[in-house]
Amino acid sequence: MTDYTPTHVGTVTKYVVVESFEVTPADLAIRGYEISNGAMIKETCFGLVVNGKEEEVDRIVTELRKVDPDHIFVKDRGFPPGDSRRCRANLGGARPGYHGMEYEMTVIPYVSHGLEELKKHDAATVPAPADPLEHPALDVVTLKKLIDAQES
Amino acid sequence: MAKIFIYPATSLILSDLVSRHGHTPLSSAVAIRERIQTAGLESLPLQITPEEPKKGLKWAAVEVPAGVRGRMSLYGPQIEQCEAAIIINDADLAFGCMGCARTNELIKFLLRQKDIPKLDLNYPKNEEEGVQFVAAIKRFLGELKKREDTK
Amino acid sequence: MTPPVRIAQLSCGADYSGVQHEIDTAAHEVNGEIFFPDIALKDIRRDYDAFGLDVKSPDLKLAIARAKALVDGRVEADAVFIATCFRCAEAAIVRNELRRFIHENSKLPVVSYSFTERTTSGTLLTRMEALTTIARRRALLARETQQGITLGLDSGSATTKAIVMKDNKIIGTGWQPTTEVLTSAHGVIETALAEAGMTMKDIQAIGTTGYGRFLVGKDLNANLIQEELTVNSKGAVYLADRQHGPATVIDIGGMDNKAITVMDGIPGVFTMGGICAGASGRFLEMTAKRLGVDITELGPLSMKGFGGHVPMNSYCIVFGTQSLVNALAAGSTREDVAAAACHSVAEQVFEQQLQEVDIKEPVIMVGGTSLIEGLVHAMGELLQTKIVVPHHSQYIGAVGSALLASGFIKDE
């Protein structure tokens with residue numbers, strides 16, 4: 001067993017993902033470099049990976065969000081940017097988590113739409129989504145209609 | 001600012017929406033970060049050593065597969081810490097840290113056992129559902145904020 | 001240096017059980033390289049649906065899609081390692097079906113394994129070595145006749161065996177229990193050479209196998225140091241004269257058991273170890289001792305008995321022995337107890353290990369335990385087939401080594 005000495009201790013890493021017709025990852029990177037102030041910024045195919053002290057990363061992320069608030073999404077990452085343990089080139093294939101993100105990218109346009117719409121409407125006026133835990137039984141009126149349809 | 005367990009814990013969408021509304025998402029990445037920033041014995045790639053499945057015994061018995069217990073060593077403490085939870089129920093394509101259905105069942109069960117505010121959703125399938133999805137999360141997080149402010 | 005053998009990993013739970021590092025280390029030690037077939041989300045959805053096994057765990061869906069990519073040739077690999085958590089039923093179904101799917105639809109060698117957090121690289125090493133050997137040394141494994149004068153040595157956990165071969169014939173044998181590894185090795189070599197009427201100077205090439213292969217191989221300056229999975233497969237089909245077509249090789253050893261599906265003498269799917277001592281040759285040795293007979297007499301004794309009279313089916317050698325003692329105390333005959341012990345070992349190997357490979361006839365039993373008729377009989381009954389036990393079957397590793405070593409004789 002080899003001893004493990006961690007690097008980047010006390011830092012955080014965040015993905016800044018852009019899914020927009022107007023802003024590209026390259027645009028976002030340029031803005032990121034302008035305000036980086038020493039934090040590490042790496043451009044990727046879907047956006048940026050930002051690493052540094054938490055306050056610093058939060059400040060950069062807040063600024064970057066302003067570029068296109070409804071189309072920029074942020075999440076934490078466990079590993080620092082370019083870490084060989086998660087690198088596609090080293091693993092042969094994408095890390096499993098990548099496919100999960102690939103899936104959410106197909107849903108994100110609906111979320112962006114939601115964010116845009118809620119600037120115009122009060123959230124309180126929007127009906128609640130269907131409760132996934134509810135499995136409603138057939139109500140009596142519908143059942144009667146079905147029976148009638150069968151009999152006629 | 002409340003600590004909110006997000007399910008799937010790898011979700012970009014939930015992580016973003018929770019932090020966008022000023023709360024703290026508890027996610028896989030945060031748990032993994034803690035592992036890889038802690039000195040110890042080397043265990044590539046996630047720095048989950050054979051000790052982690054043993055720590056997982058707190059949440060799952062020894063006859064439960066090691067992979068479930070190892071994952072529970074990441075999520076168990078977060079479930080204990082969390083003050084609310086948002087659960088997407090049709091997250092069938094969340095891999096890696098959320099790649100084991102048995103662990104996922106246990107996580108959801110432990111969250112449901114806990115007396116905290118919970119929001120159950122499905123992924124939006126169209127724009128209309130997108131609006132409802134974002135609005136539901138906004139309302140839920142707003143309520144939490146109000147509750148905190150009145151404390 | 002030869003490029004590493006590329007081993008595609010299809011797995012669920014390895015990272016989270018803390019054993020991924022052990023898998024990587026074992027592969028690295030035999031110049032193998034673990035990689036994860038690269039596919040996209042659309043491939044996962046399409047291939048998982050097409051495969052038709054409705055599992056809930058996303059990482060198992062990913063494993064299924066990666067297996068399809070390998071079989072379709074969209075991702076290239078030299079070998080496949082399938083690994084999932086021990087005690088996960090869902091994963092066990094996927095593991096078995098993927099192993100079968102890859103074996104039937106490609107030429108890739110496959111090994112499957114169920115791990116716990118206690119799995120170490122040492123446990124995985126022999127399996128990885130076999131995988132890389134099959135991938136890298138197909139030409140060597142294609143050898144069908146022994147040439148020149150060669151020595152094969154099998155340094156096993158229980159016994160050490162040596163064979164001297166000349167022009168495709170066995171001319172000297174040596175056998176003794178393994179005590180100090182090198183002393184036992186030199187002892188059996190001396191016996192085998194004496195029987196062959198030769199000295200070490202006459203030997204043109206040496207091959208070693210078994211647990212002590214590295215130590216003995218280094219000491220003898222062997223031409224070939226090879227794990228026992230490929231060597232025993234080769235030795236089995238050679239001695240049984242079934243070098244072409246399918247076969248299944250079963251070797252119930254002193255410490256672990258091997259079950260190997262072979263095609264044209266080359267292992268396709270194999271499993272090794274995995275059960276407790278109650279399902280090993282060691283248990284039969286203890287049974288013989290308790291019954292007051294030599295191990296060589298256990299077979300004939302058991303053939304006179306009927307195992308069905310005695311309840312015995314423990315994984316554990318301690319509990320197994322307890323059943324044995326209880327049965328004798330309750331008045332069971334020695335013959336029945338001997339038959340029950342043979343049945344117990346055969347049944348556990350059948351239930352625990354033979355499910356991990358595809359049984360193809362002929363089934364060839366080798367190793368010292370294949371000389372215990374009762375065990376062979378019990379296995380034949382369970383598999384509903386007549387089992388082939390070739391001559392010199394107890395020397396299988398040594399014969400395989402001597403055969404393969406002749407590929408290293410330099411032309412004079």
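In this predicted model, in which local features need pLDDT of at least 70, side-chain atom pairs count only at pLDDT 80 or more, and totals for chains, interfaces and linings use all residues, helix 1 of chain A is followed by A:Asn37, whose phi is positive, near 50°. Residues are numbered from 1 along each chain as its sequence is written, while chains are lettered from A and ligands numbered from 1 in the order in which they are written. Helices (H or I, at least four residues) and strands (E, at least two) are DSSP runs, numbered from the N terminus.

Within helix 1 (residues 25–35) of chain A, the residues A:Leu28, A:Ala29 and A:Gly32 are buried, a residue being buried if 20 or more other C-beta atoms, placed from the backbone, lie within 10 Å of its own, exposed if 12 or fewer, and partly exposed in between.

In chain C, an open sheet of eight strands has mixed pairing and the order 2-1-3-4-12-11-10-13, where two strands pair if DSSP finds at least two bridges between them. Strand 2 (32–35) and strand 13 (363–366) of chain C stand at the edges with a single partner strand each, so one side of each is left without a neighbour in the sheet. Strand 1 (residues 5–12) and strand 3 (residues 79–85) of chain C pair in the parallel sense over six bridges, and the bridge partner of C:Ser11 in strand 3 of chain C is C:Ala83.

Leaving aside neighbours within four places in sequence, B:Ile86 is in contact (C-beta atoms, placed from the backbone, within 7 Å) with residues including B:Ile4, B:Leu14, B:Leu121 and B:Phe140.

The contact between chains A and C takes eight residues from chain A and nine residues from chain C, and on the side of chain A the largest share, four residues, comes from helix 4 (residues 96–120).

Methods:
Contact = placed C-beta atoms within 7 Å.
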